[in-house]
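Please keep the sequence and the 3D view at hand while reading.

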Amino acid sequence: TPVLLWDRSVGEDRAQTAALRAWLRRASQTALPPAEQRDLIAEIEAHPKRLFRAGLAPTRLPALVEANPSVAVACLVRLLETARKHEYLSPLVTTELTLHSMEVVNQLLGTSHDLPDDFLRLYVSNCMASCTQAADRPHQQRLTRLVCVFLQSLIRHRAPHIRDLFIEIQASPLRNIPLRN
């Protein structure tokens, strides 16, 4: 005769997923202390499937990038393993360029995951457009310096694929922005 066994971990996993969902929501709203960031990253790395069940929406990603870039990187590394990776990368292209967003993309370049070439092209285009559209000159110069450093990193990490971007970079108005006063 069949024996009915009760799996006590079912409710436990649901509770842990809900806790992770709340933790990610808070991480999207405010900067977490370094120790808490490490704990959250450890939780994401230890239980990647729980991250998917926690339901991190692509629309919430820009807020997470700004509040806790290292947590965003940990999430994106896991999310890039899915078929929905383009949904999660799109907000990085369409949101305002910031130091944190460049930091996240730069850290993703350093992982073993290949970022799609179309994403990189769009992201670089957004970087250059942000530089040319900056309202005041000091902000424009600072942003241009950051983008140049980012491009150097891109060349270092993706040398074989960067050739496609050379024409766009050369045609960019970035070369007309003086980096010194």
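Buried residues make up 41% of the 181 residues in the chain. Here buried means under 20% relative accessible area, exposed means over 50%, and partly exposed is in between, with a 1.4 Å probe and protein chains only. The model is predicted, so local features need pLDDT of at least 70 and side-chain atom pairs count only at pLDDT 80 or more, while totals for chains, interfaces and linings use all residues. Residues are numbered from 1 along each chain as its sequence is written, and side-chain values use heavy atoms, leaving out hydrogens and water.

The chain exposes about 10600 Å², of which carbon and sulfur atoms supply 55%. Accessible areas come from the Shrake-Rupley method with a 1.4 Å probe, and for residues only the protein chains shown count as cover.

**Helices and contacts**

The secondary structure comes to ten helices and zero strands. Both are DSSP runs numbered from the N terminus: helices are H or I with at least four residues, strands are E with at least two. Along the sequence, the pattern reads α-α-α-α-α-α-α-α-α-α. Of the contacts with a separation of 6 or more, 75% are between residues 24 or more positions apart; contact means heavy atoms within 4.5 Å.

Helix α7 covers residues 99–109, and its buried residues are Ser101, Met102, Val104, Val105, Leu108 and Leu109. Seen down the axis of α7, these buried residues fall within an arc of 160°, so they line one face of the helix. The arc is that of the directions from the helix axis to the C-beta atoms. An α-helix has 3.6 residues a turn, so residues three or four places apart point the same way. The cover over the buried residues of α7 includes α4 (61–67), α5 (69–79), α6 (85–94), α8 (117–133) and α9 (137–157).

**Charged side chains**

How many salt bridges does a search of the whole structure find? The search finds three. A salt bridge is a side-chain nitrogen of Lys or Arg within 4 Å of a carboxyl oxygen of Asp or Glu. Side chains of opposite charge can pair when their charged atoms come close.

| Salt bridge | Closest N and O atoms |
|---|---|
| Glu36 and Arg26 | 1.8 Å |
| Arg84 and Glu87 | 3.1 Å |

The salt bridge of Glu36 with Arg26 links distant parts of the chain: Glu36 is in helix α2 (residues 34–46) and Arg26 is in helix α1 (residues 9–29), ten residues apart. Glu36 is buried, with a relative accessible area of 19%, whereas Arg26 is partly exposed at 35%. In the next pair, Arg50 is buried at 6% relative accessible area and Glu43 is partly exposed at 21%. Arg84 is partly exposed, with a relative accessible area of 40%, and Glu87 is partly exposed too, at 38%.

Arg78, in helix α5, is buried yet has no salt bridge. The nearest side chain of opposite charge is that of Glu81, 4.2 Å away. For charge, Lys and Arg count as positive and Asp and Glu as negative, while His and the chain ends are not counted. Apart from neighbours within four places in sequence, Arg78 is in contact with Ile44, Glu45, Pro48, Leu51 and Phe52.

**Leu20**

Leu20 is in helix α1 and counts as buried at 2% relative accessibility. Leaving out residues up to four places away in sequence, Leu20 touches Leu40, Glu43, Ile44, Arg50, Leu51 and Ala54. Leu20 and Gly55 are 35 residues apart in sequence and 9.6 Å apart in space, C-alpha to C-alpha.

**Cysteines and Arg145**

How many disulfides does a search of the whole structure find? The search finds zero, where a disulfide is a pair of cysteine sulfur atoms within 2.5 Å. The sulfur of Cys127 has its closest cysteine sulfur in Cys131, at 7.0 Å, too far for a bond. Cys127 is buried at 1% relative accessibility, and Cys75 is buried at 0%.

Arg145 lies in helix α9 and is partly exposed, with a relative accessible area of 41%. Arg145 and Cys131 are 14 residues apart in sequence, and their C-alpha atoms are 9.4 Å apart in space.
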